[in-house]
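User: Can you walk me through the aromatic contacts and the sheet in this one?
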Amino acid sequence: MIDEAAEDGREEFRPLVELSTEERRQVITLPPSIAKLTAVKHFVLYGSNLVRIPPEIGAMTSLEELTPYTSYRLHWFPYEITRCSQLVRSTVSTRALFGNYKLRPPFPRLQPPRVAVADLDLSALDARRWGTTVIRGCSVCDRPIEQGGLHQVWISLRVATDVLPLLVNACSAACVSAPPSGAEGYVQLPHTGGRVEQPPSDWD
């Protein structure tokens, strides 16, 4: 379906409507080939069973609106989504997000930084441990991770109309410090999750 959408240059992409309920239940992430969808302006993932979105969404340069509403398993997004400079509207189920202002659920603890990744297969990672199955390049500078280390951090930033918890896969400490400060009312500095102190929730 992605290949067809890329070939015909459609501006709205609703892949889940063509799948059965059982098929939709099996889709927990999107293939890297979404990078081909450079003409798509509205990406509709309403009611999905998605757990994560791959960094390749950053290549969807025409994206203006993202609609994953009622995707209650979708807790975080890749930092690369900030490359979608045209993205101005989003509809996300806020209470499902790590660190959201309503409930302040904790962020999963990320792996300690590595100064080298020679012993790590970046093309076959355990998503439960690393938050992704593949890391190709630095989320910030896009340099291949193989050329440096791996530093994973969280940062909550406003993307379109929502504040999203973004996973940063950085190649250096310098790239960890490069993203802007967190959104107002959220943790301001990049952090590795776990027992991080968050501002009070709306329910406190």
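Predicted model: local features only at pLDDT ≥ 70, side-chain atom pairs only at ≥ 80, totals over all residues.

User: How many aromatic pairs does the structure hold?
Analyst: Six. Rings of Phe, Tyr and Trp (its six-membered ring) pair if their centres lie within 6.5 Å; planes under 30 degrees apart count as stacked, over 60 as edge-to-face and the rest as tilted. One of the six is Phe13 with Phe43, stacked at 5.7 Å centre to centre with 20° between the planes.

User: Where do Phe13 and Phe43 sit in the chain?
Analyst: Phe13 is in strand β1 (residues 12–13) and Phe43 in strand β2 (residues 42–44), 30 residues apart. Strands (E, at least two residues) and helices (H or I, at least four) are DSSP runs, numbered from the N terminus.

User: Are Phe13 and Phe43 buried or exposed?
Analyst: Both are buried, meaning under 20% relative accessible area, with exposed over 50% and partly exposed in between (1.4 Å probe, protein chains only).

User: OK, the sheet. What is the strand order?
Analyst: The open sheet of four strands runs β1-β2-β3-β5, with parallel pairing. Strands pair if DSSP finds at least two bridges between them. β1 and β5 are at the edges with a single partner strand each, so one side of each has no neighbour in the sheet.

User: How many bridges join β2 to β3?
Analyst: Three, to β3 at residues 65–67. Val44 stands opposite Thr67 in β3.

Technical notes
Residues numbered from 1 in each chain as written. Heavy atoms only, no water.
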